[in-house]
Amino acid sequence: MNTTVFKTEPTAIKAWAEKRMIYLELTDGRILGFPADRFRILCQASENQLKTVQIEVWGYALRWEELDEDLTVSGIIAGQFQLPLPRQAA
């Protein structure tokens with residue numbers, strides 16, 4: 001007996017912003033969060049601008065229309081950020 005296994009990449013079903021963190025809920029049940037300040041455009045955005053995040057491309061991307069910024073969900077899951085973590089105060 002042959003069994004075919006289809007692996008599907010998780011996609012976003014919900015996205016929101018709180019206190020400069022962007023959160024997304026995935027189809028596999030995970031909820032991920034990342035600091036907006038890890039991306040060049042998002043780090044300069046206001047809290048209200050961050051809250052305008054939309055899910056696009058059938059859940060494979062996040063979009064901020066006013067900022068003209070797009071991020072892929074797969075890139076977020078893989079931790080592909082543009083900027084390093086801010087240095088912690090000693």
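Student: Which residues do ring pairs link into a cluster?

Tutor: The model is predicted. A search of the whole structure finds four aromatic pairs. Ring pairs join three phenylalanines into a cluster, and these are Phe 34, Phe 39 and Phe 81.

Student: How many residues apart in sequence are the parts that the pair of Phe 39 and Phe 81 ties together?

Tutor: Phe 39 and Phe 81 form an edge-to-face pair, with 5.6 Å from centre to centre and 75 degrees between the planes. Phe 39 lies in the loop between strand S3 (31-35) and H1, while Phe 81 lies in the segment after helix H2 (73-77). The pair therefore ties together parts whose separation in sequence is 42 residues.

Student: Is Phe 39 buried or exposed?

Tutor: Buried means under 20% relative accessible area. Phe 81, at 26%, counts as partly exposed. Phe 39 has a relative accessibility of 3%, so Phe 39 counts as buried.

Student: What kind of pair do the rings of Trp 16 and Tyr 23 form?

Tutor: A search of the whole structure gives four aromatic pairs. In the pair of Trp 16 and Tyr 23, the ring centres are 5.6 Å apart and the planes are at 20 degrees. Planes under 30 degrees apart count as stacked. The pair of Trp 16 and Tyr 23 is therefore stacked.

Student: Which residue lies over the face of Trp 16?

Tutor: Trp 16 has a relative accessible area of 22% and is partly exposed. Tyr 23, at 23%, also counts as partly exposed. At 4.9 Å from the ring centre of Trp 16, over its face, lies Lys 14.

Student: What separates the C-alpha atoms of Thr 52 and Trp 16?

Tutor: Thr 52 lies in the loop between H1 and S4, and at 34% relative accessibility Thr 52 counts as partly exposed. Leaving out residues up to four places away in sequence, Thr 52 touches Arg 63 and Trp 64. Thr 52 and Trp 16 are 36 residues apart along the chain, and the separation of their C-alpha atoms is 8.0 Å.

Student: With which residues is Gln 49 in contact, leaving aside its neighbours within four places in sequence?

Tutor: Gln 49 belongs to helix H1 (residues 47-50). Its relative accessibility is 19%, so Gln 49 counts as buried. Beyond its neighbours within four places in sequence, Gln 49 is in contact with Trp 64, Glu 66 and Leu 67.

Student: What is phi of Val 57?

Tutor: Most residues other than glycine have a negative phi. Val 57 is in the loop between strand S4 (54-56) and strand S5 (61-64), and at 46% relative accessibility it counts as partly exposed. Val 57 is a residue other than glycine with a positive phi, near 50 degrees.

Student: Where is Asp 68 found?

Tutor: Asp 68 is not a glycine, yet it has a positive phi of about 55 degrees. At 54% relative accessibility, Asp 68 counts as exposed. Asp 68 is found in the loop between S5 and strand S6 (69-72).

Student: What pattern does the protein chain follow, read along the sequence?

Tutor: The secondary structure of the protein chain comes to two helices and six strands. Read along the sequence, the pattern is β-β-β-α-β-β-β-α.

Student: What share of the residues of the protein chain count as buried?

Tutor: The C-alpha atoms of the protein chain fill a box of roughly 60 × 35 × 20 Å along the principal axes. The chain exposes about 6400 Å², of which carbon and sulfur atoms supply 51%. Of its 90 residues, the share that count as buried is 31%.

Student: How far apart do the centres of the positive and negative side chains lie?

Tutor: The protein chain has 10 positive and 12 negative side chains. The centres of the two sets are separated by 8 Å.

Conventions. Residues are numbered from 1 along each chain as its sequence is written. This is a predicted model: local features need pLDDT of at least 70, side-chain atom pairs count only at pLDDT 80 or more; totals for chains, interfaces and linings use all residues. Side-chain values use heavy atoms; hydrogens and water are left out. Helices (H or I, at least four residues) and strands (E, at least two) are DSSP runs, numbered from the N terminus. Buried means under 20% relative accessible area, exposed over 50%, partly exposed in between (1.4 Å probe, protein chains only). Contact means heavy atoms within 4.5 Å. Accessible areas come from the Shrake-Rupley method with a 1.4 Å probe; for residues, only the protein chains shown count as cover. Lys and Arg count as positive and Asp and Glu as negative; His and the chain ends are not counted. The place of a charge is taken as NZ of Lys, CZ of Arg, CG of Asp or CD of Glu. Rings of Phe, Tyr and Trp (its six-membered ring) pair if their centres lie within 6.5 Å; planes under 30 degrees apart count as stacked, over 60 as edge-to-face and the rest as tilted. A charge sits over a ring if NZ of Lys or CZ of Arg is within 6 Å of the ring centre and within 35 degrees of the ring normal.
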